[in-house]
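Trainee: I have a chain open in the viewer and want to learn how to read its features. Can we take them one at a time?

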Amino acid sequence: VEDDAVRYQNVFSENEGSVAAPTAGLHFNDDLIDLVSSSSCFLTLHVGAGTFRPIEKEDVKDHEMHEEGFEVDVGEIGRLVERMEA
């Protein structure tokens, strides 16, 4: 769908590094993003390809997942601590 080229470039696709399409934000409009931005802390999660790998082991505990990384600004950590202490 042609609209997907625009729709998939939402707030969650701001930073490079994730292999996943940012589908979590497809239902976020500008008003909701503004509301969340004013009262939340943000981090960047880099979803790895292993998220989509099927479980092929008999016991799910034997399934090996790929690592995923995240980034968070020091200022965001400060905002989070302030909110937790409030």
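Mentor: Start with His-46. At 14% relative accessibility, His-46 counts as buried. Buried means under 20% relative accessible area, exposed over 50%, and partly exposed in between, with a 1.4 Å probe and protein chains only. Two ground rules first. This is a predicted model, where local features need pLDDT of at least 70, side-chain atom pairs count only at pLDDT 80 or more, and totals for chains, interfaces and linings use all residues. Residues are numbered from 1 along each chain as its sequence is written, and side-chain values use heavy atoms, leaving out hydrogens and water.

Trainee: Which residues does His-46 touch, not counting residues up to four places away in sequence?

Mentor: A contact means heavy atoms within 4.5 Å. By that rule His-46 touches Glu-16, Gly-17, Ser-18, Glu-68, Gly-69 and Glu-71. The side chain of Glu-71 also makes a polar contact with the side chain of His-46, at 2.7 Å. A polar contact is a pair of N or O atoms within 3.5 Å; within protein, one must be able to donate a hydrogen and the other to accept it, and residues adjacent in sequence count only if both atoms are side-chain atoms.

Trainee: Where in the fold is the place of His-46?

Mentor: His-46 is in strand S1, residues 44–46. Strands (E, at least two residues) and helices (H or I, at least four) are DSSP runs, numbered from the N terminus. The protein chain has 3 helices and 2 strands, in the order α-α-β-β-α from the N terminus on.

Trainee: Now charges. How many salt bridges does the count come to?

Mentor: A salt bridge is a side-chain nitrogen of Lys or Arg within 4 Å of a carboxyl oxygen of Asp or Glu. The count comes to 1. Glu-76 pairs with Arg-79, the closest N and O atoms being 3.1 Å apart. Glu-76 counts as buried at 15% relative accessibility, while Arg-79 is partly exposed at 26%.

Trainee: Why are Glu-76 and Arg-79 separated by about one helical turn?

Mentor: An α-helix has 3.6 residues a turn, so residues three or four places apart point the same way. Glu-76 and Arg-79 are about one helical turn apart because they are 3 residues apart in helix H3, residues 74–85. At the start of H3, a side-chain oxygen of Asp-73 reaches to within 2.7 Å of the backbone nitrogen of Gly-75.

Trainee: Last, the surface. Which residues form a nonpolar patch?

Mentor: Patches are made of residues with over 30% relative accessible area and no salt bridge; like charges are joined within 9 Å, nonpolar side chains (Val, Leu, Ile, Met, Phe, Trp, Tyr) within 5 Å. Here Leu-43, Leu-45, Phe-70, Val-72, Ile-77 and Val-81 form one, with about 530 Å² of accessible area together. Areas come from the Shrake-Rupley method with a 1.4 Å probe; for residues, only the protein chains shown count as cover. Phe-70 is in strand S2, residues 69–71. At 56% relative accessibility, Phe-70 counts as exposed.
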